[in-house]
Number of protein chains: 2
Amino acid sequence: KNASNSRSFFQPLLHGYFRSSCSWRVRIAFALKGIDYDQVPVNLIKDGGQQLTDQYKELNPMQQVPAVTIDGVTLSQSLAIIQYIEETRPGPALLPADPQKRAKVRMICDLIASGIQPLQNLYVLQKIGEDKVSWAQHFIIRGFVALESLLKETAGKYCVGDEISMADICLAPQVYNAERFKVDVDQFPTIKRLNQTLLALEAFSTSHPSCQPDTPADLRA
Amino acid sequence: KNASNSRSFFQPLLHGYFRSSCSWRVRIAFALKGIDYDQVPVNLIKDGGQQLTDQYKELNPMQQVPAVTIDGVTLSQSLAIIQYIEETRPGPALLPADPQKRAKVRMICDLIASGIQPLQNLYVLQKIGEDKVSWAQHFIIRGFVALESLLKETAGKYCVGDEISMADICLAPQVYNAERFKVDVDQFPTIKRLNQTLLALEAFSTSHPSCQPDTPADLRA
């Protein structure tokens, strides 16, 4: 899937980074839908950050990953990308049919995507400086306290009932981030249990940061 | 609409704050759809913040506004609420029918809702302390540079083409926040032009922070 020499015009092209939780969200969605895609690594650290180049800014003016070129357009913002995939591709539904369940899925997605992830994003932590680990922990724990409380009400086998959804796509990458910042996830038994269930699925393991084309050798699973 | 003594079980109930940009998003959506609703003010400043009470935490464990009680459930996260309204209520569509246009609308919404607003949210600025104004300006300007660039490609009369959408619902409240933090919006001509168009619409003026039931007298329009 890293065969950049044989990229197909017809296959989606993911500009991402192995460890970016928002890139991982998109990789999970592709995997759950069974969609083949090509990857172009954008190294957020090397050369001062490849996302800051003029070339990349054309793809995503926010200078963040992911961006996906698909059906002749380039989209950014992971949840917008995933909903585009959901609305244009067959395969397992990533949102439930029932409107109230859909709302609960989106509520969990947005709690993570607006309430937690942006506050521990690379460019924010760069601005925070030396206190960055305690800053990230503070906002992840604050968000997980709320998320645990919501999930206790909504979860079955997965985040909302017994069907996998966009909420699960957001959960596992955020738990991965929490662990990077040494947050003790044992405090959140529902989050922990759901994450373990998700990591056992092929769509989550094949898309995991530990086994991407750009994963450095020392971080490979 | 603040008649809490005559609240109807059948009318949506918005727990919000006049100046919260995420509460304003929901008010615009209700207004565009022509939906009557009741409001319960949650004062984010008074008594140390009414959103921090145990009573409010039951409605939204993130202890933020808005929360909306509708059809027997309470939902939080403004974009999840607005999409629930879109999927269950008649009236003008808040998302285009074309999947690529929908993706562009959601991309703009998420750029604001994940890329800008969370970084200048009250509870983040409280943690930043005395540098809060320059912090907020930094992230609003960073986001507006990207947003201006996207909107130059997507905008017609409104953010995406000539039909109003969820992107417009996110734009005007974010510009309102930018102005509160003394960001010079003249730097962003497309954002400025769209905002002026939006503020002239009744759905935006009746829902504006300057004329809500909980707007203090000295801030009333």
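Trainee: Why is Glu86(A) called buried?

Mentor: Buried means under 20% relative accessible area, exposed over 50%, and partly exposed in between (1.4 Å probe, protein chains only). Glu86(A) has 17%, so it goes down as buried.

Trainee: What joins the side chains of Glu86(A) and Lys33(A)?

Mentor: A polar contact of 2.9 Å. The term covers a pair of N or O atoms within 3.5 Å; within protein, one must be able to donate a hydrogen and the other to accept it, and residues adjacent in sequence count only if both atoms are side-chain atoms.

Trainee: Where does Glu86(A) lie?

Mentor: In helix H3 of chain A, residues 78-88. Helices (H or I, at least four residues) and strands (E, at least two) are DSSP runs, numbered from the N terminus. H3(A) is mostly covered, with 9 of its 11 residues buried; among them are Ser78(A), Tyr84(A) and Glu86(A).

Trainee: How do you know whether Lys33(B) is buried or exposed?

Mentor: Its relative accessible area is 9%, so Lys33(B) is buried. Lys33(B) lies in helix H1 of chain B, residues 21-33, and its side chain reaches the backbone oxygen of Pro92(B) at 3.0 Å. Beyond four places in sequence, its contacts include Ile85(B), Glu86(B) and Leu94(B).

Trainee: And what about Ala146(B), buried or exposed?

Mentor: Buried, because its relative accessible area is 1%. This residue is in helix H6 of chain B. Leaving aside neighbours within four places, Ala146(B) touches Pro61(A), Met62(A) and Leu111(B).

Trainee: How much do chain B and chain A bury between them?

Mentor: About 3,800 Å², 65% of it on carbon and sulfur atoms. Buried area is the accessible area (1.4 Å probe) that two parts lose on being put together, summed over both. In chain B, Met62(B), Lys127(B) and Arg142(B) lose the most area to chain A, together 15% of what that side buries. By contacts, 42 residues of chain B meet 42 residues of chain A.

Trainee: What makes the pairing of Glu87(A) and Arg106(B) a salt bridge?

Mentor: The rule asks for a side-chain nitrogen of Lys or Arg within 4 Å of a carboxyl oxygen of Asp or Glu. Glu87(A) and Arg106(B) come in at 3.0 Å, N to O, and the count between the two chains is 4 salt bridges.

Trainee: How do you know how confident the predictor is about chain A?

Mentor: From pLDDT, the predictor's confidence in each residue, from 0 to 100. Chain A averages 95, and 96% of the residues score at least 70. Over residues 1-5 of chain A, though, the pLDDT is below 50. Where pLDDT is low, the predicted coordinates should not be read in detail.

Definitions and conventions. Residues numbered from 1 in each chain as written. Chains lettered and ligands numbered in written order. Predicted model: local features only at pLDDT ≥ 70, side-chain atom pairs only at ≥ 80, totals over all residues. Heavy atoms only, no water. Contact = heavy atoms within 4.5 Å.
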